[in-house]
Amino acid sequence: MQSNNKLPSLENINLSGKRVLVRLDLNVPIDDGEIVDETRITETLKTLVYLIEKAEKVIILSHLGRPTEGCYEERYSLKPVASRLSQLLNKSIPLARSFDELDIVLNNFDVVMFENVRFQVGETKNSSELSSLYAKRVDLFVMDAFGASHREHASTCGVINFVDQACAGYLMEKEITALEKVICEPLSPIIAIVGGSKVSTKLEVLSNLMQHVDYLILGGGIANTLLLAKGINMQASLVEASMLSFALDLLEGKYGSAEILLPDDAVCANSFDDLINISEVPIGEIPENSMMLDIGTLTTKVYREVLIKAKTIIWNGPLGVFEKEPFSYGTKAIAETIVASDAYALAGGGDTVAAINQFGLAQGISYISTGGGASLEFLGGKVLPAIEALRKNLEVVTK
Ligand code: ADP
Ligand code: MG
């Protein structure tokens, strides 16, 4: 595994009188307007408190979920996040829904949050126009959204090309240092556990991880897709049908020699909310119209036996729909095994961290990262676009 990441640091910048734009990853799990897990919010406090104390104005940017660009949707609003941050900082933080609103609010407030960056057209296409709209309002850009640093978007990368000065925040530095420890000194066996629902992005990352780990333990939509690629009828389960040939290449060892472990049995139901007609079946016998929503008892046993011998563990993605009790046992058993093992264990991802906290097991995990996909890509040896953009900005400034 490679290491690559010296970045311009917030510590060395004079903030006095400056207007600062800070990109955070406040993409917390929200259920019915309630924040389910606030780890990502509390992890940003060090940078925020520092900026609020030293700078003249602070504009906070973040994404939340995956709304359609250009369309405001209440369920993707950062409203609950802005109000929680206001409580934590003991400071009123208004939420601006447009650039015009932002300019007006900035006249009366020192700290303003901008509404979900993914409501803006051009965010995910890394539009120069949008990037410069952010940049022209500030003197400095602070990138502290480690969890979004694998995205080449306007608010994570593009803006860096248009500001005079850009640097990494404290959370970015902390995350990079912790992940580099795993990259530089991993003890074997190294086991990656990957699950969850963001199948296409994570499948791609697996191709990198295959070269660096000894075992890949799979669950969630990732496992479903590989099982389908092997010819198993997954019925109504979450799969990424467009990635079957990629999944086959992965299974055939085209990308690396890690041993891939897939479920042998499944906990199934017709919907996430069907908590009555639940069955546990061997993997080839998922009932018609049914979905695999957790790994079964046999799979859990096999996974535990392999995992307990690990010396380094990387975990992103729940193994089942852990939010619902009947489908939470696989994820819980894996989390308990990680805690019981003597491995250095790194876990990341909004939902993965929510699961760990739900089980009350956070204390037993060596390092909890705010990044899911970003951590996996970093550990797989990829250069993350936002880190690259910061480094290039540093080169330009110091030339
Ligand atoms: P993270 O946020 O940790 O990176 P993801 O966002 O990729 O993880 O996935 C988390 C979601 O995946 C959870 O809401 C969980 O309910 C869902 N999930 C896990 N297993 C399954 C499955 N078998 N079918 C459908 N959804 C699943
Ligand atoms: Mg998630």
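Colleague: How do the residues of the lining of the largest cavity divide into nonpolar, polar and charged?

Modeller: Three are nonpolar, six polar and two charged. Here Ala, Val, Leu, Ile, Met, Phe, Trp, Tyr, Cys and Pro count as nonpolar, Asp, Glu, Lys and Arg as charged, and the others, Gly among them, as polar. Keep in mind that this is a predicted model, where local features need pLDDT of at least 70 and side-chain atom pairs pLDDT 80 or more, while totals for chains, interfaces and linings use all residues. Residues are numbered from 1 along each chain as its sequence is written, and side-chain values use heavy atoms, with hydrogens and water left out.

Colleague: Which residues line the largest cavity?

Modeller: The lining is made of N27, V28, P29, D37, T39, R40, G349, G350, V353, S369 and T370. Two or more of the lining residues come from each of helix 1 (39-42) and helix 12 (350-358). Helices are DSSP runs of H or I with at least four residues, strands are E runs of at least two, and both are numbered from the N terminus.

Colleague: How much space lies in the largest cavity?

Modeller: About 50 Å³. A cavity is a set of points on a 1 Å grid over the protein atoms alone where a 1.4 Å probe fits but cannot get out, and lining residues have an atom within 4 Å of a point. Grid points are joined across faces, edges and corners, and the volume is the space filled by probe spheres set on them.

Colleague: Switching to rings: how many aromatic pairs does the structure hold?

Modeller: Seven. Rings of Phe, Tyr and Trp (its six-membered ring) pair if their centres lie within 6.5 Å; planes under 30 degrees apart are stacked, over 60 edge-to-face and the rest tilted. One of the pairs is F114 with Y134, edge-to-face at 5.8 Å centre to centre and 90° between the planes. F114 is in strand 6 (residues 111-114) and Y134 in helix 5 (residues 128-135), 20 residues apart.

Colleague: Is F114 buried or exposed?

Modeller: F114 counts as buried because its relative accessibility is 0%; buried means under 20% relative accessible area with a 1.4 Å probe, protein chains only. Y134 is buried too, at 2%.

Colleague: And which residues form an aromatic cluster?

Modeller: F99, F114 and Y134 form one.

Colleague: Where does the charged end of K46 sit?

Modeller: Over the ring of Y170, 4.6 Å from its centre. That takes NZ of Lys or CZ of Arg within 6 Å of the ring centre and within 35 degrees of the ring normal. The charged end of K181 sits over the ring of Y344, 4.9 Å from its centre.

Notes:
Chains lettered and ligands numbered in written order. 1 Å grid on protein atoms, 1.4 Å probe; cavity = no way out; pocket = protein on both sides within 12 Å on 5 of 7 lines; lining within 4 Å. Buried < 20%, exposed > 50% of the residue type's maximum accessible area, 1.4 Å probe, protein only.
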